[in-house]
Amino acid sequence: MANVTVIGAQWGDEGKGKIVDWLASRADAVVRFQGGHNAGHTLVVGDVTYKLSLLPSGIVTGTLSIIGNGVVLDPWALKAEIEKLTAQGVTIDAENFAIADNCALILPLHRDLDGLRENAAGTGKIGTTGRGIGPAYEDKVGRRAIRVCDLAHLDALGPQLDRLCAHHDALRHGFGQDPVDRESLLAELREIADYVLQFAQPVWKRLKKVRKAGARILFEGAQGVLLDVDHGTYPFVTSSNTVSGTAAAGSGLGPNSTGFVLGIVKAYTTRVGSGPFPTELSDEIGQRLGERGHEFGTVTGRQRRCGWFDAVLVRQSCSISGVTGIALTKLDVLDGFDVVRICTGYRLDGRILDYLPAHAADQARVEPIYEEMEGWKGTTAGARSWADLPAQAIKYIQRVQELIETPVALVSTSPEREDTILVRDPFVD
């Protein structure tokens with residue numbers, strides 16, 4: 001049986017939570033491999049809604065859930081999320097949940113720096129969630145990070161704190177802030193250490209054992225390819241690589257383990273925060289998409305910007321991430337439109353482009369080239385087979401897969417787990 005890697009093929013918020021939950025119910029292990037608690041998933045199981053930011057989606061079904069080494073971990077946010085889910089009846093213990101002992105930690109000083117930078121940036125704001133993700137990744141690469149394994153050796157943390165505080169104290173001074181309170185930081189770490197360490201282990205070994213037993217592993221990405229620090233709309237991106245190739249490095253399993261790559265794609269396009277958005281609609285159509293799609297960020301609550309489906313961007317994402325098949329979500333939001341549009345190319349300074357250029361100024365100036373299709377009057381909500389879909393909705397799906405040069409594997413027609421049309425089973429690739 002194949003393993004499956006799930007990534008967002010747009011700017012995040014594509015509906016990964018429902019798809020990952022659907023797949024997790026058939027997997028033996030689910031692994032988060034990058035990002036932090038800046039990415040949210042909403043799961044609807046029966047009458048219960050679960051909102052996750054850090055924990056892998058499989059935790060709700062009792063599936064072995066693992067936070068890989070590619071994630072940056074806020075231990076206090078982790079504790080709060082576990083307590084919230086426990087109150088909803090979810091069991092989380094060392095049997096069904098593990099954290100890589102070499103995960104870098106997000107500390108209060110990272111949250112401080114994130115906020116100070118954004119507040120001072122003026123028109124240069126990136127639009128971060130302010131949760132310290134970027135600064136934590138900076139310290140990881142700068143070899144200043146405090147990691148999960150360090151929580152078991154806090155009495156020997158002096159030299160690491162020297163390096164960390166030398167860096168942050170200089171930055172804080174530039175913002176007119178006091179130096180890091182080392183004793184307060186140590187006290188907070190001592191208070192949370194045992195809670196985190198109960199889940200800590202070399203997860204690469206556990207995953208190796210799971211794989212050797214022939215079990216199904218689901219690799220769960222956060223955000224979307226267009227937010228990738230290398231391949232996204234830089235600098236309006238996240239601080240990690242969100243492409244499928246990160247699943248190997250961020251989990252401790254090799255690239256031959258990541259299997260079928262499923263790209264989650266919304267039937268239209270949304271984006272949270274700043275940055276270029278070629279098909280954005282600021283009219284009543286954009287408002288209608290946002291209202292019907294309930295487009296508010298799971299983590300931030302910020303309203304998402306909305307626009308028509310951009311086949312250029314999704315084709316680019318699928319190519320960069322080696323997507324095997326897509327899961328098309330929120331098709332029902334397009335129900336009732338007389339006409340639907342798909343962006344098939346861009347105009348820039350008299351040239352026609354079939355890709356998004358790398359420079360932010362060019363990205364902001366491209367003009368979308370649209371193809372129009374007849375809409376459909378019937379409903380797609382709750383459909384579980386092709387026979388349940390209006391003919392024009394099927395034509396729309398077929399045109400999407402032609403333009404993005406990637407086949408459709410799943411179609412999601414509501415937030416409910418079972419409202420899914422299975423075209424190709426990723427686990428039996």
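User: Why does glutamate 371 count as partly exposed?

Analyst: In this predicted model, where local features need pLDDT of at least 70, side-chain atom pairs count only at pLDDT 80 or more, and totals for chains, interfaces and linings use all residues, glutamate 371 has a relative accessibility of 23%. Buried means under 20% relative accessible area and exposed over 50%, with partly exposed in between (1.4 Å probe, protein chains only), so glutamate 371 counts as partly exposed. Residues are numbered from 1 along each chain as its sequence is written, and side-chain values use heavy atoms, with hydrogens and water left out.

User: What makes arginine 399 and glutamate 371 a salt bridge?

Analyst: The definition asks for a side-chain nitrogen of Lys or Arg within 4 Å of a carboxyl oxygen of Asp or Glu, and the closest N and O atoms of arginine 399 and glutamate 371 are 2.7 Å apart, so the pair forms a salt bridge. Arginine 399 lies in helix H12 and glutamate 371 in strand E18, so the pair ties together parts that are 28 residues apart in sequence; helices (H or I, at least four residues) and strands (E, at least two) are DSSP runs, numbered from the N terminus.

User: How do you know whether aspartate 155 is buried or exposed?

Analyst: Its relative accessible area is 74%, so aspartate 155 is exposed. Aspartate 155 also forms a salt bridge with arginine 190, with the closest N and O atoms 3.5 Å apart. Aspartate 155 sits in the loop between helix H4 and helix H5, while arginine 190 is in helix H6.
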